[in-house]
Amino acid sequence: MSQQDWNDNYLEGALPWDTGKPEPVLVEMVTSGALLPGRGIEIGSGTGTNTIWLASQGFDMLGVDIAPRAIEMAREKATDYAKAQFAVADILTDPIAAESYDFAFDRGCFHIFDESKLRAQFAQHLADGLRPGGLWLSLIGSTEGPARDYGPPRRSARDIVDAIEPSLEILRLESVSFTGGQPGAPAAWMCLARKREMPAQPSTSR
């Protein structure tokens, strides 16, 4: 979708993905100590809920979104949070400052790209912005669960691995649900990956 398409959603208030509450999977990862405070970036930050929550937990956060109206709304919400900054940016065309972040998060941004080459480009740009050892946490619509005609795009585990393995080392890939598994919540993959220190080795055959 174009920048204008996403911006229209925010102008019209058509935001089915915006719960107004921090994503429970993210909350659990932070409160359990699996993710430690540092300099972070959220891709597709929308109205800023998760970016602001991370700032409240000690992260120095930048939230970016392609929709200018989303960034306006986020800034309005974040007036009391100096560690939550926001900017309009497109992950595919606006490069992230190299090796600037300890942590990156996206909730349903990676999965919007139908073309495999664009998902790989997303992962590479994100990895370029991570410092050595930097982590990426993503919630991705999955191929699990019953058939549905609405909700987030579905991506298979193979789609995820093929896109990110060249640039990121997968640490965890688990089946979860959006919004902490509330009734009717669509199935998701939780992917935790780390910036590569060495290339993935070729698959072997006998």
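How are α5 and α6 oriented to each other? The close-ups below, all from a predicted model, start with that pair.

**View 1. Helices α5 and α6 pack against each other at about 55°.** Here we're looking at α5, residues 116-129, and α6, residues 157-164, with 8 Å between their axes. Angles under 35 degrees would count as roughly parallel and 65 to 115 as roughly perpendicular, so at about 55° α5 and α6 come out oblique to each other. As for handedness, the α5 and α6 crossing is a right-handed one.

**View 2. A closer look at the residues where α5 meets α6.** On the α5 side you'll find Arg119, Ala120 and Ala123, and on the α6 side Asp159, Ala163 and Ile164. Sorted by class, that contact of α5 with α6 is made of four nonpolar and two charged residues, with no polar ones.

**View 3. Glu23, a buried loop residue with a polar partner.** Glu23 sits in the loop that runs between α1 (3-12) and α2 (24-31). The Glu23 side chain makes a polar contact of 2.6 Å with the side chain of Arg107.

**View 4. Glu99, a loop residue with positive phi.** This one belongs to the loop between β3 (84-88) and β4 (101-107). Glu99 isn't a glycine, yet its phi is near 50°.

Methods:
Residues numbered from 1 in each chain as written. Predicted model: local features only at pLDDT ≥ 70, side-chain atom pairs only at ≥ 80, totals over all residues. Heavy atoms only, no water. Axes fitted to C-alpha atoms, helices over the stretch in contact; angles between N-to-C directions. Helix = DSSP H or I, 4+ residues; strand = E, 2+ residues; numbered from the N terminus. Parallel < 35°, antiparallel > 145°, perpendicular 65-115°, else oblique. Left-handed = near helix turned anticlockwise from the far one by under 90°. Contact = heavy atoms within 4.5 Å. Nonpolar A, V, L, I, M, F, W, Y, C, P; charged D, E, K, R; others polar. Buried < 20%, exposed > 50% of the residue type's maximum accessible area, 1.4 Å probe, protein only. Polar contact = N/O pair within 3.5 Å; in protein donor to acceptor, adjacent residues only side chain to side chain.
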